Amino acid sequence: MAEKMTGAEIVIKALRDQGVEHIFGYPGGAVLPIYDAIFQQDELEHILVRHEQGATHMAEGYARSTGKVGVVLVTSGPGATNAVTGLTDALLDSIPMVCLTGQVPTPLIGSDAFQECDTVGITRNCTKHNYLVKNIEDLAQTIHEAFYIAQSGRPGPVVIDIPKDVQFALGTYYKPTSQTDHQSYRPQMEGDLESITEAVELMLKAKRPVFYTGGGVINAGPKASELLRELVELTGFPVTSTLMGLGAFPATDEKWLGMLGMHGTYEANLAMHDCDLMINIGARFDDRITGRIDAFSPNSTKIHVDIDPSSINKNVVVELPIVGDCEQVLEEMVRIWRTKSNAPRSEEIAPWLRKIDEWKSVDCLRYESSREAIKPQFAIERLAEAVKDRDVYITTEVGQHQMWAAQYFPFNQPNRFMTSGGLGTMGYGLPAAVGVQVAHRDALVIDIAGEASVQMTMQEFSTAVQFRLPIKVFILNNEYMGMVRQWQELLHGSRYSQSYSESIPDFVKLAEALGGKGIRVDDPNKLDEAIAQMLDFEGPVLFDCRVTKQENCLPMIPSGKAHNEMILPDTADIGNIIDEKGKSLV
Amino acid sequence: MNPHLRASGSAYFLTTDTSKIERHTLSVLVDNEPGILARIAGLFSARGFNIDSLTVSETEHEKGLSRITVVTVASPKVLSQIKLQLERLIPVHKVHDLTAEGKALERELALVKVAGTGENRVETLRLAEAFRAQVVDASTESFVFEITGKPGKIEQFIALMVPLGLVEVVRTGLVAISRGPEGM
């Protein structure tokens, strides 16, 4: 006999049965019954945020660092609309999330009631799926299905809108059941064996191969990263990765080319351009990666492994598509490779590796060091040095500091780098760090931030203080929206329209006002000591690192150019790279 | 350097799709649930796909399934995206490109109101008979015709009615089904 309970109790029970331990949320009129149910139990820990956008990014950080579903609970109306940015962010970066939103009672829906908005309408295009639960008998199964949809196939955010009367109503609780027989949703997990075999055949013939890996490898779970390492070892092929895929392959390995794309390394981008075989595993040919599509890797055969069939041939037409889960496909690739070859192709691809070494020797990440001022790249290098023996999780905001983090901080394990890739959401990093710290209480969690981005969700520092989450916010403060300024230098005659950060708060006093610690440093000779001080402090820290103001993030593929037309660090004047005709097209 | 490279200076890389545009009829089997039409229509508008015609109605009541017929105009690459993006939607069971799968049967229904007197009325009725349009309403000054057929036939009929006193037309949009014994 199934148990009868209220809708609010069903929500809590369903979350528990889905293995949820933490939820990020903010109460309000339309979710009060659920908050009442939260009050009467102690299995689920609720993290009270300061703004609903913060809750969604926390859930993203939590999900990305654990592989579990991040759960958000917000009220109707403004609660739901504030969550939209984080939902869209999770959709673009394929992060599993379930967001429960309160709704006005069913009889009032459509009446423009207080704090009413059309949540399912608003979130339809920024979620993987969404539901409005009008019948209490559907509630438990809807929640279970939502969790299945959020984390299976290509992961993504799912919204469940629950009217207040449904939260009060008595209904039946149904336990989770296997969802794999879902009527219409059946993600394809297993790649076609014939295609995988063909892929291995191509790999056995390649003279200039490159692995191009993405977030899909990380989403597929830690085993996929291990298999990738094994396959690289077996084949001897070089590897590059997108921003979202960093950490799946160790940055310390000699086969590692660094990140590719707009701010990727010279060697990674030239390898992509000149390769004869590109093996894309779990990446989606995003426009920040490809540069000009019509000049993208013109002479290569392309293999594309992706769990989402709609990613295939969307931006770049490939010769050999394989729809499937990265872990499963990698496992098959490793197995089939072993049946056909027992040695890496080091000899056959030796000229290619020599070529890559030549490109590496360009040293595209070099920068002019300074004794007077802190260079942002230097700050990240020193930070990386200081934490190299620690279990460290890095989040970032969006902008120059994000790219510098990707370039100068070595990631050696998956699930250690949380960043907003697809949507490029400034303000992601601080709340994401809070979410990561909730999941990993004893780990070191650092948000590498910019002074402009961090002000977008600054208030969540207070959440960190409340829940004793000792996040470190490492702000590269150059007093500019650095990436905007760089683009203005590049394309708009250095007219820095609205990109100077006026009235920056005193971050040290701000940290203290919020109940944390503030540290400021502007002398490169005192940087190491200040970083040590930050790491030693047991609570949350705002670290105001004053860096050189107009540093450009290089190398860079300028807009509209191909991989082999990068701007390298010696280019003094980036303002003259794009001609007048080109500038008018922006 | 690649000779066809041009600096565009845009933050985005724009290329023009010069491939041929085709008209295709898609049949989409979906769960008949609230908001399903908004999901389908929203996908087309969000991704910039065209809808020439769209019809939706429940077809298998006991399974709660509806059949949506969409006519779209796109390049082959975009057509493949339309199909794949539709399949990504959770309540979508199947998507069939009826045009690609062979000659499908395509029909549309229209109600055509024509007002007139004297010789025009006689001519109107004569033409309606030739097009096998049924009179479903009549007054001393008007007829309403029901006509079914391929869109081309309906358009032709409507064009002929214009000089005879066409008042207004409603059309169902296209429904289509594949030929032969196989179902979707």
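How are helix 1 of chain B and helix 2 of chain B oriented to each other? Here are a few notes on this predicted model, starting with that pair.

1. Helix 1 (residues 36–46) and helix 2 (residues 76–88) of chain B have axes that come within 11 Å and cross at roughly 140°. The two helices are therefore oblique to each other; angles under 35 degrees count as roughly parallel, over 145 as roughly antiparallel, 65 to 115 as roughly perpendicular and the rest as oblique. Axes here are lines fitted to C-alpha atoms, for helices over the stretch in contact, with angles from 0 to 180 degrees between N-to-C directions. Helices are DSSP runs (H or I, at least four residues), numbered from the N terminus.

2. The crossing of helix 1 of chain B and helix 2 of chain B is right-handed, meaning that the near helix is turned clockwise from the far one by less than a right angle. Ile40(B), Leu43(B) and Phe44(B) of helix 1 meet Ile82(B), Gln85(B) and Leu86(B) of helix 2, where contact means heavy atoms within 4.5 Å. These residues divide into five nonpolar, one polar and no charged. In this scheme Ala, Val, Leu, Ile, Met, Phe, Trp, Tyr, Cys and Pro count as nonpolar, Asp, Glu, Lys and Arg as charged, and the others, Gly among them, as polar.

3. Over in chain A, helix 15 (residues 376–386) and helix 16 (residues 400–408) pack at about 50°, their axes 9 Å apart. That angle makes helix 15 of chain A oblique to helix 16 of chain A, and their crossing is right-handed. Among the residues in contact are Ile380(A) of helix 15 and Trp404(A) of helix 16; the contact divides into six nonpolar, two polar and one charged.

4. Do look at Ala271(A), which sits in helix 11 (residues 266–274) of chain A. Ala271(A) is buried, at 0% relative accessible area (buried is under 20%, exposed over 50%, partly exposed in between; 1.4 Å probe, protein chains only). Beyond residues up to four places away in sequence, Ala271(A) touches Val210(A), Leu257(A), Trp352(A), Ile356(A) and Trp359(A).

5. Ser501(A) lies in the loop between helix 19 (482–491) and helix 20 (507–514) of chain A, and with 8% relative accessibility Ser501(A) counts as buried. The side chains of Ser501(A) and Glu451(A) make a polar contact at 2.9 Å (a pair of N or O atoms within 3.5 Å; within protein, one must be able to donate a hydrogen and the other to accept it, and residues adjacent in sequence count only if both atoms are side-chain atoms).

6. On conventions: residues are numbered from 1 along each chain as its sequence is written, and chains are lettered from A and ligands numbered from 1 in the order in which they are written. Local features need pLDDT of at least 70 and side-chain atom pairs count only at pLDDT 80 or more, while totals for chains, interfaces and linings use all residues; side-chain values use heavy atoms, leaving out hydrogens and water.
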